[in-house]
Amino acid sequence: MLATRTIIGLVVGSIIILLGGYSLLLHLAPTVSMDEDFVISTGDSASFSIPAPKDAPQYMIIVGDTFDLQLSSPGDGLNIPNTSYQKELILDWTHAEDGQTKILIQNTGGNELEITANTNQTPDPFGITFDFMVITSGVVILGFSLGFTLRKPKGF
């Protein structure tokens with residue numbers, strides 16, 4: 001018969017391992033689709049870096065009074081020099097090569113600037129490392145809980 005602490009440890013450790021494994025599977029995908037909304041206050045600027053593989057579609061809508069935008073995409077992708085825009089700008093491009101698209105936006109208008117982006121990015125390698133750490137902690141919890149079954153330490 002297993003002790004109560006052992007059963008609790010097995011359940012908790014198994015759940016942690018399953019969550020880490022599921023997250024690892026999500027991070028191993030070639031691209032990750034991200035829908036994001038940003039707001040830039042008057043006079044502020046923001047820079048974005050979108051790492052993506054070849055043929056990854058990118059989409060961005062920028063709405064505001066006036067703003068400056070500079071965009072450079074790898075290869076023969078979309079490249080826009082520093083230019084002023086008014087009202088609304090819709091950007092729809094595809095990465096021609098593996099690499100990073102760099103975007104610099106400066107809000108020069110009187111209102112906030114609203115940015116809606118749907119990007120396809122390569123997963124962050126630190127996320128994969130974090131997933132392995134979560135799985136390892138689940139295994140450690142399983143090991144400790146099984147240790148309670150074999151022999152009970154003093155004080156327990």
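Student: Where does Gly 43 lie?

Tutor: Helices (H or I, at least four residues) and strands (E, at least two) are DSSP runs, numbered from the N terminus. Gly 43 lies in the loop between β1 (32-40) and β2 (45-52). This is a predicted model, where local features need pLDDT of at least 70, side-chain atom pairs count only at pLDDT 80 or more, and totals for chains, interfaces and linings use all residues. Residues are numbered from 1 along each chain as its sequence is written, and side-chain values use heavy atoms, with hydrogens and water left out.

Student: Is Gly 43 buried, partly exposed or exposed?

Tutor: Buried means under 20% relative accessible area, exposed over 50%, and partly exposed in between (1.4 Å probe, protein chains only). Gly 43 has a relative accessible area of 46% and is partly exposed.

Student: Which residues is Gly 43 in contact with, leaving aside neighbours within four places in sequence?

Tutor: Contact means heavy atoms within 4.5 Å. On that basis Gly 43 touches Gln 106 and Asn 107.

Student: What is phi of Lys 87?

Tutor: Most residues other than glycine have a negative phi. For Lys 87 the value is positive, near 65°. Lys 87 belongs to strand β4 (residues 79-94) and, at 60% relative accessibility, counts as exposed.

Student: What pattern does the protein follow along the sequence?

Tutor: The order is α-β-β-β-β-β-β-α, made of 2 helices and 6 strands. Of its 156 residues, 31% count as buried.
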